[in-house]
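The following exercises concern a predicted model. Please study the sequence and the structure before reading each solution.

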Amino acid sequence: MRKTDEFFMREAIKLAKKAKGKTCPNPLVGAVIVKDDKIIGKGYHKKAGLPHAEVVAIKSVKNKNDLKNATIYVNLEPCNHYGRTPPCSIAIINSGIRRVVIGMRDPNKQASGGIERLKQAGIEVKVGVLEEDAKKLNEIFIENIVNKKPFFIMKAAMLLNGSIAVKGGISQWITGELARRFTHRLRGTHSAVLVGINTVLMDDPLLTCRIPRYKQPKRVILDANLRIPVSAKLLSEYPENVYIITTKESDSAKKRILKAMDVNIIECSLNEKGEFEPKELSEKLLKSEICSVVVEGGSRTHGYFLKHKLYNKAYLFYAPKIAGSYGAFNVAGCEAPSSIEDAIQLKDARCQRIGKDFLIEGYF
């Protein structure tokens, strides 16, 4: 029985997923080359600056004569510009491949145009195979390009009544070991983890990924007045991965000390309410190749991201525990709506059990 275009596109998407969290600011791309219903070549983009999936797949075919009249399946439109690597559209044209099946068009206007170039060269092109799957795969890249901001993820662990800390700000440990391990995997597959300065002052966290073979995330601290102690734990490991968001007016002498420790300082303007300007913050994070951010709180930080509608996705852990809320911290430190209809509704929400805790995952 002859395999379908969808079958081979799934193989391309499966390959692309191998580089999850490693290609920023580039998209996840996988490619398979098929002839006579058999895969003769495959490849995926491993890291920004390295060859693209299409080129890797073409090079993997030992006998280049086999490429003549073959079909290549790729989840994203082959690039059509000279960036860190030459255009993939030209590599395909020169290879002898005569049919290209694509999951989705490239939203990046600078790199798009590959479809048109391929067609002009007489190559048959089919676009939109498993398009929704292709878009889900590259939801981070699409957000970066279309809305010019990182893909922000709300991650919180709380009691059943929504408290993320009890009286005195004590928050360790609300959830169990398996839930914490999930969080470390989340950190290890995204560009950065972000907290406000109060979390640093109260908990003194490392914010690293403590699972072997996962990459270390960049660590972003919102600290308008530069209150971070130079003795903070997170400055003792991978200081070059620390990005402190502050203002031009904050302590210049302390900035020099932190820079001498290899810490990155990003200056950002405040709005009339004394908060970081959301658009500028987003642009400066993206400029630092921070494509996706796991925001771990606390209450005021989550409130800021919710209020300014910056969040894209949520991972909300609930421990099967309940306590009084007077004097405790709620997960969303912002003004409550006057109507239930105005509450934020998560889309495509689902619930699963992680150890003894419950995880609700959904999109804003």
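**Exercise 1: The surroundings of Lys313**

Apart from neighbours within four places in sequence, Lys313 is in contact with Glu139, Phe151, Phe152, Ile153, Met154, Glu361, Gly362, Tyr363 and Phe364. Determine in which strand Lys313 lies, whether Lys313 counts as buried or exposed, and with which side chain its own side chain makes a polar contact.

Solution. 
1. Lys313 belongs to strand β13, which covers residues 311-318.
2. The relative accessibility of Lys313 is 7%; buried means under 20%, so Lys313 counts as buried.
3. The side chains of Lys313 and Tyr363 make a polar contact at 3.3 Å.

**Exercise 2: The largest nonpolar core**

State how many residues the largest nonpolar core has and which element gives the most to this core.

Solution. 
1. The largest nonpolar core has 29 residues, and Phe152, Val220, Ile245 and Phe305 are those with the most contacts inside it.
2. Elements that give two or more residues to this core include β6, α10 and β13.
3. β6 gives the most to this core, namely 4 residues.

**Exercise 3: The cysteines**

Solution. 
1. Cys24 counts as partly exposed at 22% relative accessibility, whereas Cys291 is buried at 4%.

Conventions
Residues numbered from 1 in each chain as written. Predicted model: local features only at pLDDT ≥ 70, side-chain atom pairs only at ≥ 80, totals over all residues. Heavy atoms only, no water. Buried < 20%, exposed > 50% of the residue type's maximum accessible area, 1.4 Å probe, protein only. Polar contact = N/O pair within 3.5 Å; in protein donor to acceptor, adjacent residues only side chain to side chain. Contact = heavy atoms within 4.5 Å. Core = buried A, V, L, I, M, F, W, Y, C linked by side-chain atoms within 4.5 Å.
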